[in-house]
Amino acid sequence: MNFTRGEPTLECKYGENGYQTPAALYSGGTEDPFALNRFEVVQGTAPSYNNLCDLDRLLQTATHVAAGFYLNIGEVPMIAVACKHGNPCGAAIGSDRARVAMQALEGDLRAVFGGLILLSFEVDESIAEVLMTHKMDGGVRRLLDGIVAPGFTTGAMEMLARKGDKCRLLTNPALGNMNRGSLDAARRFRYVRGGFLAQPNYTFVPRLMSDEVERTGEHTEGQIEDMILAWAIGSTSNSNTVTLVKESMLIGNGVGQQDRVGGCKLAVMRASDAGHDTSGSVAYSDSFFPFVDGTAELANAGVRTIVATSGSIRDDEVKEFCRDKGITLFLYPDSAGRGFFGH
């Protein structure tokens, strides 16, 4: 494969940094309804290179949320995911559009400032008001680099207009109908010096109540939904990741850590810094716990349910620790269920 193939469909002002020019989106030869060139800019300047990278990650996360709920629950809730520098910093699911939008912002109000947010439902004036003013003091408007949705009403577009057209509004009707089949099944490529790497895409979706999943402790239907959301977020974040979800919203995402316990500490710290109570929350780890120290950090934070993979030589120690602490533990085989492991 030659990376120069395809037609340039969108010119970026520059690449990841201002000195990296020219930069563009190249597309062609795919019928994928979620291909980036199928998103229409209905207001604002063209997306930047970084905006498009964030949009790709938003699609990974949102489609995994949809696939997880479709496979485990049988229906897909309304979804909102916020992203900053390539990782989800806010996410929520539910049946109330305004509440879902609010909770996605509240995941980390500092991080979402200047980021992108994707919603699986139309943005009307009421949702636009939430996006711009929710939890903002003194009449200050929230700055967002972009908002992605199936559509926008005319009134919402007027409200969301930003000086210099810096808030990009992108539409794709397919976002309103995400399901199990919305995952990207195409091979993924990555440039490396002198060539490129190729690998299958990440399309695994766990059936949490299947026989291959080892379960200890009691759980509620609400916890199952939180586990699905935590898995979808954590498995599409940069490794190593530990993700905390509570009551249908992301409260802490500890991403990009070189050790598992560091991911646990970061997730708890980010949740606490954002003003969230971590007691009773659900945690997802994108691989197994090599030692008990990570689960101990989560237990100290009041986490009551953990979703992870098995495969550690200390699995029995982790299970015993969770039983002693009254923590419900869901483990699926590491060979099948490792997270996205983005690097």
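This report describes how helix 8 packs against helix 7 and helix 9 in a predicted model.

## Basis

The model is predicted, so local features need pLDDT of at least 70, side-chain atom pairs count only at pLDDT 80 or more, and totals for chains, interfaces and linings use all residues. Residues are numbered from 1 along each chain as its sequence is written, and side-chain values use heavy atoms, with hydrogens and water left out.

Helices are DSSP runs (H or I, at least four residues), numbered from the N terminus. Two packed helices are described by the angle between their axes and the distance between the axes.

## Helix 7 and helix 8

Helix 7 spans residues 260–273. The axes of helix 7 and helix 8 (lines fitted to C-alpha atoms over the stretch in contact, with angles from 0 to 180 degrees between N-to-C directions) come within 8 Å and cross at roughly 15°. The two helices are therefore roughly parallel (an angle under 35 degrees) to each other.

In the contact (heavy atoms within 4.5 Å), Val261, Cys264, Lys265 and Val268 of helix 7 meet Asp293, Gly294, Glu297 and Leu298 of helix 8. By class, this contact has four nonpolar residues (Ala, Val, Leu, Ile, Met, Phe, Trp, Tyr, Cys and Pro), one polar (the others, Gly among them) and three charged (Asp, Glu, Lys and Arg).

## Helix 8 and helix 9

Helix 8 covers residues 293–300 and helix 9 covers residues 315–325; their axes come within 10 Å and cross at roughly 15°. That makes helix 8 roughly parallel to helix 9. On the helix 8 side the contact is made by Thr295, Ala296 and Ala299, and on the helix 9 side by Val318, Phe321, Cys322 and Lys325. This contact has five nonpolar, one polar and one charged residues.

How values were computed: Parallel < 35°, antiparallel > 145°, perpendicular 65-115°, else oblique.
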